[in-house]
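Q: I would like to learn how to read the features of a protein model one at a time. Can we work through an example together?

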Amino acid sequence: MLQQTVAKKAGLHCLLVLLVSLPLHDGNAKQFTSLYSFEGGKKDGARPSGVITDQSGNFYGTTSEGGPQGYEGIVFELSQSGIETVLHRFNIATDGAAPAFGVIRDADGNLYGTTELGDGDGCYTNGCGTVFSLKPDGTYTVLYDFQGGKDGGIPSGVIADSSGNLYGTTQQGGTGCPNVGGCGTVFEISSSGTESVLYTFIGGNDGAIPYAGLVEDAQGNFYGTTLEGGSSNCDGQGCGTVFKLAADGKETTLYAFTDGNDGGYPEESLILDKDGNLYGTTSGGGDANCAQGEGGCGVIFKITPSGTESVLYTFTGGSDGAEPFSPLIMDGKGDLFGTTEGGTGIDGTVFKLAPNGVETVLYTFKNIKKDGLSPFGQLAQFKGHFVGTTLGGGRRRNGTVYSLKQ
């Protein structure tokens with residue numbers, strides 16, 4: 001399951017953008033707008049991920065492919081009018097490659113992110129990944145180059161604190177699970193580039209392979225998910241966990257999935273509400289008879305601070321979609337929004353889940369030139385629109401940026 005998932009997910013995490021040009025309409029009259037289609041190759045990249053916005057409405061993100069060799073990736077800026085500027089082209093020999101988790105931005109306009117590949121051996125053929133910074137003047141710096149040992153390897157996305165320290169997870173490395181190259185870590189990178197391992201997963205009840213990034217509460221506790229571990233289910237590898245890492249370094253497994261009705265294989269980061277409840281998705285489990293997945297098409301779940309799980313929605317693999325591979329967002333009314341694979345045209349959906357458990361498909365992708373397919377990644381809200389990206393489709397089938405009117 002892990003190899004299939006990593007292969008499917010390598011370079012997937014996508015996200016946001018804005019509005020403009022040529023509206024399309026689906027069956028429930030939601031206005032869909034295409035902003036940009038990636039050309040691929042050396043010019044502008046392919047397989048977009050992780051777009052954020054500044055106060056002027058410009059967007060910043062990465063593609064996990066494209067660049068000098070066609071597979072290394074880029075960092076880009078996209079204007080509201082759909083003009084793309086390449087801010088950095090990755091060179092695997094010097095500064096990493098495959099920036100699959102997008103970027104974050106500080107108050108000074110500096111961008112921070114990770115790459116899944118580095119400039120050495122181990123982990124994958126081309127290194128174990130990096131954490132990088134990119135200044136507004138174009139200065140690129142590798143803050144840390146993972147070695148794949150006790151320091152971890154293959155980082156997911158990062159979050160930052162007010163002092164400029166970065167926090168994230170690695171999918172491999174650490175001192176646990178030595179026979180499989182490590183079960184992953186939680187790490188801190190100081191503003192000067194010094195790494196500290198905050199926790200090493202051992203692959204038992206604590207979980208293994210934290211594929212997604214972290215969220216932090218006001219008390220400095222981190223929360224995340226692991227793709228495996230937590231139980232003896234799922235061929236003895238475990239079906240994944242939701243964990244808490246306290247400020248003092250103590251790890252607690254809040255919930256271990258069974259891959260049954262409760263879901264299995266949580267691959268994305270969580271969100272927190274004001275009461276400390278966690279919300280997320282699983283790509284497996286749920287309805288064992290779903291139309292588009294073996295053993296289930298995934299669920300939307302809620303975990304209370306004490307670790308009680310509630311399944312808020314179970315995907316059927318029909319028009320409602322399947323395998324929700326994106327983190328959720330929540331509005332002020334408690335409505336949840338996200339994206340899936342599957343749907344009527346099997347190319348993906350954007351959905352809304354109301355607090356009463358009613359799911360509404362806001363848009364179904366059709367895989368046409370100004371549409372796209374596989375809307376992986378978290379949605380964002382911007383001026384009355386949802387903004388996101390697709391992994392594929394578009395004019396050259398290298399992915400798109402889209403807007404969907406609320």
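**Reading the model**

A: I209 is buried, with a relative accessible area of 9%. The cut-off needed here is 20%, since buried means under that value. Keep in mind throughout that this is a predicted model.

Q: Where is I209 found, and what is phi of this residue near?

A: As a general idea, most residues other than glycine have a negative phi. I209 has a phi near 65 degrees, a positive value in a residue other than glycine. I209 sits in the loop between β14 (195-200) and β15 (215-216).

Q: What is phi of I154 near, and where is the place of I154?

A: Phi of I154 is also positive, near 65 degrees, and this residue is not a glycine either. The place of I154 is in strand β11, which covers residues 153-160. I154 has 0% relative accessibility, so I154 counts as buried.

Q: How should I read the chain as a whole, starting with helices and strands: how many are there in the protein chain?

A: The protein chain has two helices and 29 strands. The radius of gyration of the protein chain is 19 Å, close to the 22 Å that the globule rule gives for 406 residues, so the chain is as compact as a globular protein of that length. Taken along the principal axes, the box filled by the C-alpha atoms is roughly 50 × 50 × 35 Å.

Q: What share of the residues in the protein chain is buried, and what share of the contacts joins residues at least 24 apart?

A: Of the 406 residues in the protein chain, 60% are buried. For contacts, begin with those between residues at least 6 apart in sequence: 47% of them join residues at least 24 apart.

Q: Now disulfides. How many does a search of the whole structure find?

A: In general terms, a disulfide is a covalent bond between the sulfur atoms of two cysteines. A search of the whole structure finds three disulfides. The cut-off for the sulfur atoms is 2.5 Å.

Q: How far apart are the sulfur atoms of C177 and C183, and is their disulfide left-handed or right-handed?

A: The sulfur atoms of C177 and C183 are 1.7 Å apart. The torsion about their S-S bond is about -100 degrees, so this disulfide is left-handed. C177 counts as buried at 17% relative accessibility, and C183 counts as buried at 6%.

Q: What of C234 and C239: how far apart are their sulfur atoms, and is the disulfide left-handed or right-handed?

A: C234 and C239 form a disulfide with sulfur atoms 1.8 Å apart. The torsion about the S-S bond is about 105 degrees, so the disulfide of C234 and C239 is right-handed. C234 is buried with a relative accessible area of 15%, and C239 counts as buried at 0% relative accessibility.

Q: Which residue does a disulfide join to C290, and why is that disulfide called right-handed?

A: A disulfide joins C290 to C297, with an S to S distance of 2.3 Å. The torsion about the S-S bond of C290 and C297 is about 85 degrees, so the disulfide is right-handed. Relative accessibility is 8% for C290, which counts as buried. C297 also counts as buried, at 0% relative accessibility.

Q: Last, the surroundings of one residue. Where does A97 lie, and which residues does A97 touch?

A: A97 lies in the loop between β6 (84-89) and β7 (103-105). At 0% relative accessibility, A97 counts as buried. Not counting residues up to four places away in sequence, A97 touches E72, F90, I92, T115, E116 and L117. A separate reading uses C-alpha atoms: those of A97 and N126 are separated by 8.7 Å, and the two residues are 29 residues apart along the chain.

How values were computed
Residues numbered from 1 in each chain as written. Predicted model: local features only at pLDDT ≥ 70, side-chain atom pairs only at ≥ 80, totals over all residues. Heavy atoms only, no water. Buried < 20%, exposed > 50% of the residue type's maximum accessible area, 1.4 Å probe, protein only. Helix = DSSP H or I, 4+ residues; strand = E, 2+ residues; numbered from the N terminus. Rg over C-alpha atoms; globule rule 2.2 N^0.38 Å. Contact = heavy atoms within 4.5 Å.
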